[in-house]
Structures are given as C-alpha cells and as structure tokens.
Amino acid sequence: MNRYLIVPVVASALLLIHGICGAQTQNLDDVMTLIKSVEEKIQALDEQQKQSVPSKIAQLEQQIEQIRNTTRTDTESINGIATEIRTLMAELRNNMNQPQKPDNPPQPVPAPNKQDKSISDKDFRVFWNNGVCMNTADKAFQFRIGARIMNDWTFMSGQDKVTEKLGPLDDGTEFRRAWIQFSGLAYGNTEFNALLGLNSGKPEILDVYVGLKNIPGAGNIRIGHFKEPIGLEQLMSSNDLSFVERSFAHALNPFRNTGVMLSNSVIKGRATWAAGAFRESDTSGNGSGDGKYNYTVRLSGLPLFTEKGVKLIHIGASYSYRNPLKHQIQYKSRNETHLGPYFVNTGTLNTDSINLINAEAAGIYSRAYFQGEYISSEADMTTGDNAGFSSYYIMGSIFLTPHHRAYKQSSGTFGGAVMDEKSFFGNGGCGAWEATVRYSNIDLTDGAVNGGEATDITIGLNWYLNQNTRVMVNYIYSDLDDTGKARALLMRFQFNM
C-alpha cells in the first residue's frame, strides 16, 4: 500500500474509534461520514492494493448500520466493532513499517556468457558508423544500410559566341543522386553490395556485385557491375570528391561496367593492384556482342606514409585496352557541370580498339592536399590515321579548420574529412571548412577529328557539418578554345551515410 495514503486512513480509523467508543450511537452519523472518507482515500490505490482494507471497512459499515437500526445500544456489538477497528489499524501500521515490494519485481538481467557461442557469435548487434550497421560478435556476418542525397543548383552565363555555338546556358536544379545501398559480409569472406537509385531522375543500377575476400595467393575477387580500376578520381566516392563534379578527365575514363576483377593490398598497405576483364554495359548492367571484352589494370603505391596518413605521397598508373561495341566510340564533356550543354564533343567515331594510359599523383601534408592526373586515349580508327585525345587536371585544397583528408590503404584512394564529434556543427564545433582550387583541360581535337578544346578554372568552398552532411559551392570559369568564355556557379546540399 502506498505509504502516503496510509496516514489519513490511520487517522480516520482513530476518529472512528473515538466516535464509537466515546459517543456510542449518538455520533453514528459522524462515524459513517468518517468511514466514507476512509473509503474515498483508499479508492486512490490500485486494485491489488485495495483488496484487504476496503472489504473490512465495508463490513464495519454494515455492522454500524445494524446498530443504528437497533432500538437500544448493544455494548458488546460496539466493543466488537472497536476490536475490528483496532485490528485494522494494526494491519495498517504493519504495512506502513514494512518496505513495499512490487508484485512482479524486475529480475536482474544476467550478463552475457562469453563462452556461450550461440549468443556471442550469431546474435547481431545494431550500431551507427556513418550508416546503419549490424554485425555478429566475431564479425563473420556484417550488414550495412547506406544512402546518399545530393541536391544541386546551377547558375550559368556565357558570351554570345558560346551560346551561339552551344545553345542557351540555362540555370537549373536537380537531384543529382538519390541512392540507397545494401552491403555486407557473410561467413567472413563473401562480400556483397547493391547500390541502386536515381541519377538525375533516371533509375539505374550502380554497383551490384558479389565477391570473395582474402583468397590465399590471389587476394580478392569481385564479379558483377562496378567501377573499372582506372584513375584516382574515378575510383573515389562522389561522397568524398573535393568538387561538385569530376574533372574533364572523367570523359576519357571508362566508369562502371560488368565484369570480373582481382585485387589486393600488399606490403602492409603501402601498395595496391587490381586487374579485370569487363564488357561495356548499360545502366542496368547488361551488355551483349561478339567478343568485345575490355581489360583494365591499375597499380598504386605510397613512397611516403607517416603519422598514420597525416603526411603521405601517393602515386599510381593505369592501363586499359578497349574493344568498343559496334566499333564506335564518342567522347564528350560539359564544363564540369551536369546541367549545362556539352562544351566538347567528338561525335561518333569508328574505331577498332583504344589504348588508355592514366598517371596519377596525390599527397597530404597536414591540412593541405593536392591531386593530379593525366590520361591519354589512342584510338585505332577504322579508316584513316589514329586519333589521340588527352585530358589532365591539377588541384589543391587546404582545410581552414584543424582537419585533414582520409586515405584508404585497402583501395589506394582518398576519403573525406577526418572529423571527431567534438568538431561537429551544433555539438560545440563549427564543422570542417575546406578551400579548393582546380585547373583542368581536355583536348578532343586531332587530325580529322575536331571535338574541341576547353579549359576550366574552379574555386570552391566545402563545409562539412559532420561526417554525413556537406554543403559545397563551386565557381567555374570556362574557356572554350576559339569560341569564348562562360561562367557557372554550382551549389550542392548533400547527406550521405
């Protein structure tokens, strides 16, 4: 019984004794009023607590009613009632002095038995690690749910000669990416990944593959639809790019195709290699044709790696031999935006094969970061002389806050800003701020092919509110050779996990 309600009940019982024993039947009406008061107080208790006390009060009330209806005072009856009330008081006093125990006390949860393999090895725990993650205690089974949302805004203008050649340079907005990802590991060695979503409003399959990891003497094998191992910027996630869009070099590099790839990280993470055979495929991962396989290989290394990646130098090289479907290729590129028109374009070219060579270098020195690539495409034309095309860029960035970029030794690529929760915006910090600059060029003119040449200078500012949220602003100054100048302002609002 609730101790705070026992006090008025006991007080009422005392008054009841006084009313009966002191005034006998003359004050029976007052006694009835006191009993009603006692009952009202007890009504506030829960059902289980009310079982014993109200029943006895009700019995007393009936006996008093009988006394009131009796023509003479029955002393023995009054004495009996007084005895009952004393008993009731004793029970109340006893309940008040004893600690109250709940009817169903909570049982202590036993600590997990580390030797119980059925619990420690097979039960999943759910946690947050820049995404919704699950794994067993031995990490043999892992599962992760990720997503990314990128809303872009573009504002463009250009000289009259540019708009006369390319058409209007319109402003606009789009959801550049709206993707969802399911990835994980089964039995400690079988990986899987499904990255699906909308790209500029169009549904597509991005990464969909299965693979085996840590094969003795071979490393890792992957089969499905994923990025070919060429270039540095190509292999970096769009979550981690320094600019809103990739550079001009993206136009010459192959991207995602369906195939099989072997890869590994060696020399304690100081070098990586990857090699694969691929078929050109559409956005559903499908491709068909007689023969027409493409072969791509990449090597990367870290001649300098100190302070856990705070200071490093990265170098790499890639090569790809291409057999175009229908013996046709086309290279084209916007001015490092996604909504504008194509500034350079070779049109459809008839070719038997293509040789791609890519060289890359990058480095981190505390807050500072630099990266550059050169790619050359040599096309074996079906008729006439071979045609050569090229692109390059060099970029640098510096964090205005005490942060630096991450490096992924398993793949030989770079990640985003390394942050701790104390620096998150809204958690006592201002986030991470990064200033960027890039110079890039593409030349799609050679011999009979006049695809044009363009140069971009881009400056940008990135605000990482936390590990999952970023705001980007880019200003692009474009020079279309022999035509004129154009400008673009890009903004991106991004969430990824």
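What percentage of the 497 residues of the chain count as buried? The share that counts as buried is 44%. The model is a predicted one. Its chain holds 6 helices and 23 strands. The accessible surface of the chain is about 25300 Å², and carbon and sulfur atoms account for 55% of that area. Of the contacts between residues at least 6 apart in sequence, 59% join residues at least 24 apart.

**Nonpolar cores**

The largest nonpolar core has 45 residues, and the members that touch the most others are Tyr 331, Phe 389, Phe 414, Ile 442 and Leu 444. Elements that each supply at least two residues of this core include helix H6 (160–166), strand S17 (387–399) and strand S20 (432–446). Strand S15 gives the most, with 5 residues. Another core, of 6 residues, lies apart from this one; Phe 399, Met 419, Ala 432 and Tyr 464 are among its members. In soluble globular proteins, nonpolar side chains tend to be buried together.

Leaving out residues up to four places away in sequence, Phe 389 touches nonpolar residues including Leu 252, Tyr 331, Leu 349, Ile 375, Leu 444 and Val 449. Asp 443, Thr 445 and Asp 446 are also among the residues that Phe 389 touches.

**Strands S21 to S23**

Strand S22 pairs with S21 and with S23. The two pairings are set out below.

| Strands | Sense | Bridges | Residues in the hairpin |
|---|---|---|---|
| S21 and S22 | antiparallel | 11 bridges | 4 residues |
| S22 and S23 | antiparallel | 12 bridges | 3 residues |

Ile 459 has Tyr 475 of S22 as its bridge partner, while Met 472 stands opposite Arg 492 of S23. In the hairpin of S22 and S23, Asp 482 takes a positive phi near 65°.

The covered face of S22 consists of Arg 470, Met 472, Asn 474, Ile 476, Ser 478 and Leu 480. Its uncovered face consists of Thr 469, Val 471, Val 473, Tyr 475, Tyr 477 and Asp 479. In a regular strand the side chains alternate between the two faces of the sheet.

**His 327**

His 327 sits in the loop between strand S11 (311–322) and strand S12 (328–329). Because its relative accessible area is 33%, His 327 counts as partly exposed. Neighbours within four places in sequence aside, His 327 is in contact with Lys 292, Leu 349, Asn 350, Thr 351 and Asp 352. Its side chain makes a polar contact, at 3.0 Å, with the side chain of Lys 292. The C-alpha atoms of His 327 and Met 381 are 9.1 Å apart in space, and the two residues are 54 residues apart in sequence.

Conventions. Residues numbered from 1 in each chain as written. Predicted model: local features only at pLDDT ≥ 70, side-chain atom pairs only at ≥ 80, totals over all residues. Heavy atoms only, no water. Core = buried A, V, L, I, M, F, W, Y, C linked by side-chain atoms within 4.5 Å. Buried < 20%, exposed > 50% of the residue type's maximum accessible area, 1.4 Å probe, protein only. Contact = heavy atoms within 4.5 Å. Polar contact = N/O pair within 3.5 Å; in protein donor to acceptor, adjacent residues only side chain to side chain. Areas by Shrake-Rupley, 256 points an atom, 1.4 Å probe, with all protein chains shown as cover. Pairing = 2+ DSSP bridges.
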